[in-house]
Amino acid sequence: MSRNAYIVGTGHAVPDGIITNADLEKIVDTSDEWIVTRTGIKERRRVDAETASSDLVAEAVLNALDMAGWKPEDVQGIIVGTVTPDYPFPSTAALVADRLNMGKIPAYDFEAGCTAFIYGLIQAKAFIESGILDRIVVVGVDCLTRITNWDDRSSCILFGDGAGAVAVSSEGPGGRLGGWHWGSDGSLGEYLIQWGGGSRNPASHETVDKNHHTIYMEGSRIFKHAVRAMHDSCMEALKRDGTPKKDVDLLVSHQANLRIIDATARALELEPEQVYINIQKYGNTSAASIPIALDEAHRSGAISESSTVVLAAFGAGLTWGGMILHW
Ligand code: UT7
């Protein structure tokens, strides 16, 4: 009998600290009006000096386990998608597995920019359907405010911090992981990059002086690729799933820009109430944006027992991906 993978628990965590558009008006030459009309963002969350990604992950994972009815020792593997791990190594996943007493399970981080959560779900689906694991936790987390260039008005207004997690099981009921699509194009990688800190440009006084440990983004170039890639990922995932777009109940996409979300919704011919949007509260939380939105949609009842949900994302790499969930 063929095996399926089901989301049986969702959870998220965001820090308490809020940065409003008015706060940003004091730092860079911008306005609430520009930010809201160009991005849809009103405020975003920021970690305090003592908090790192693993702290948000631990809270998000406990929320997901609670919904799933799992104890930490029930988890057989944990994978964390992030570009802002606590440390370059060891992995945030291993730190959290230890902190939550999950035992000596496989735990690793991976990186696919803002697309990481969908990449993670595809990995979880493969692990479960192949019989390698029965219960795995997939996390998306980023503390982008830690690597934001606060002198760059075109990017610093976008980012916020958060984590989202799902418990994925070989046993339902839950949100079955269906058709998927994923891809990348490294030739466009320099449009969204952190130049310093890796093996090409190791950390030095010079890399610090040049602000190379922060995010460099060519936003308007990315914008048009994002619109096309999100559209194509949704369509390819639906095709692989055998689901016509008229059967889609809800779009939960990466929250990078309200105009990109609207364009994806239009391509799917969705009504406004069929699109989950929380970008106004959190900004772009990178790998965390889809699992945070999914958890909020799930807990608020926007996802019901028979919902067909489309996930779509786009990010650094450049990477993109889509997945269909059947609740
Ligand atoms: O997370 C995954 C990857 N990231 C994305 O998907 C981001 C995709 N890109 C975007 O969301 C948008 O491109 C941005 C929100 C980053 C920028 O919006 P845009 O509509 O593409 O603006 P633009 O970069 O074309 O800039 C238009 C104007 C420029 O002024 P001039 O040259 O026309 O005089 C900018 O200097 O807006 C100016 N501008 C600002 N003005 C006020 C740029 N940033 C700001 C700002 N406040 N914060």
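The legends below describe close-up views of a predicted model.

**Figure 1. Domain 1 and domain 2 in contact.**
The protein is divided into domain 1, residues 6–173, and domain 2, which is made of residues 178–188 and 216–326. Between the C-alpha centres of domain 1 and domain 2 the distance is 16 Å. Domain 1 contributes 44 residues to the contact, and domain 2 contributes 42 residues.

**Figure 2. The largest pocket, between domain 1 and domain 2.**
The largest pocket holds about 1,200 Å³ of space. Its lining has 46 residues, and those closest to the pocket centre are Phe159, Leu192, Ile193, Ile215 and Ala316. Because domain 1 and domain 2 both give residues to the lining, the largest pocket lies between them.

**Figure 3. Make-up of the lining of the largest pocket.**
By residue class, the lining of the largest pocket has 22 nonpolar, 18 polar and six charged residues. At least two lining residues come from each of the helices α2 (32–39), α6 (153–156), α8 (219–241) and α9 (258–267). The strands β9 (192–193) and β12 (308–315) likewise each supply at least two. Helix α8 gives the largest share of the lining, six residues.

**Figure 4. Helix α8, with 23 residues.**
From first C-alpha to last, α8 reaches 32 Å, close to the 33 Å expected at 1.5 Å a residue. The buried residues of α8 are Ile222, His225, Ala226, Ala229, Met230, Ser233, Cys234, Ala237, Leu238 and Asp241. Just after α8 comes Gly242, with a positive phi of about 75°.

**Figure 5. Ala229 in helix α8.**
Ala229 has 10% relative accessibility and therefore counts as buried, the cut-off for buried being under 20%. Apart from its neighbours within four places in sequence, Ala229 is in contact with Phe314 and Trp320. Ala229 and Ala312 are 83 residues apart along the chain, and their C-alpha atoms are separated by 8.9 Å.

**Figure 6. Helix α3, residues 53–68.**
The 16 residues of α3 reach 22 Å from the first C-alpha to the last, close to the 22 Å expected at 1.5 Å a residue. Buried in α3 are Ser53, Ser54, Leu56, Val57, Ala58, Ala60, Val61, Ala64, Leu65 and Ala68. The cover over these buried residues includes the strands β1 (6–13), β4 (77–81), β6 (135–143) and β7 (161–169), together with helix α4 (92–99). Gly69 follows α3 and has a positive phi, near 75°.

**Figure 7. Leu121 in helix α5, residues 116–129.**
With a relative accessible area of 0%, Leu121 is buried. Beyond its neighbours within four places in sequence, Leu121 is in contact with Ile7, Val138, Val166, Val168, Leu177, Leu311 and Met323. Leu121 and Glu190 are 69 residues apart in sequence, and the distance between them in space is 26 Å, C-alpha to C-alpha.

**Figure 8. Two cis peptide bonds, Phe89 to Pro90 and Gly172 to Pro173.**
Most peptide bonds are trans. The bond from Phe89 to Pro90 is cis, with omega near 0°, and Pro90 is found in the loop between β4 and α4. Gly172 and Pro173 are also joined by a cis peptide bond, with omega about 0°. Pro173 is in the loop between β7 and β8 (175–184).

**Figure 9. Positive phi at Asn101 and Glu269.**
Most residues other than glycine have a negative phi. Asn101, which is not a glycine, has a positive phi of about 55° and sits in the loop between α4 and β5 (107–110). Its 59% relative accessibility means that Asn101 counts as exposed, since the cut-off for exposed is over 50%. Glu269 is not a glycine either, and has a positive phi of about 55°. The place of Glu269 is the loop between α9 and α10 (279–282). At 59% relative accessibility, Glu269 counts as exposed.

Technical notes. Residues are numbered from 1 along each chain as its sequence is written. This is a predicted model: local features need pLDDT of at least 70, side-chain atom pairs count only at pLDDT 80 or more; totals for chains, interfaces and linings use all residues. Side-chain values use heavy atoms; hydrogens and water are left out. On a 1 Å grid over the protein atoms alone, a cavity is a set of points where a 1.4 Å probe fits but cannot get out, and a pocket is an open set with protein on both sides within 12 Å along at least five of seven lines; lining residues have an atom within 4 Å of a point. Grid points are joined across faces, edges and corners, and a volume is the space filled by probe spheres set on the points. Helices (H or I, at least four residues) and strands (E, at least two) are DSSP runs, numbered from the N terminus. Ala, Val, Leu, Ile, Met, Phe, Trp, Tyr, Cys and Pro count as nonpolar, Asp, Glu, Lys and Arg as charged, and the others, Gly among them, as polar. Domain bounds come from an automatic or database domain assignment. The expected span of a helix is 1.5 Å times one less than its number of residues. Buried means under 20% relative accessible area, exposed over 50%, partly exposed in between (1.4 Å probe, protein chains only). Contact means heavy atoms within 4.5 Å.
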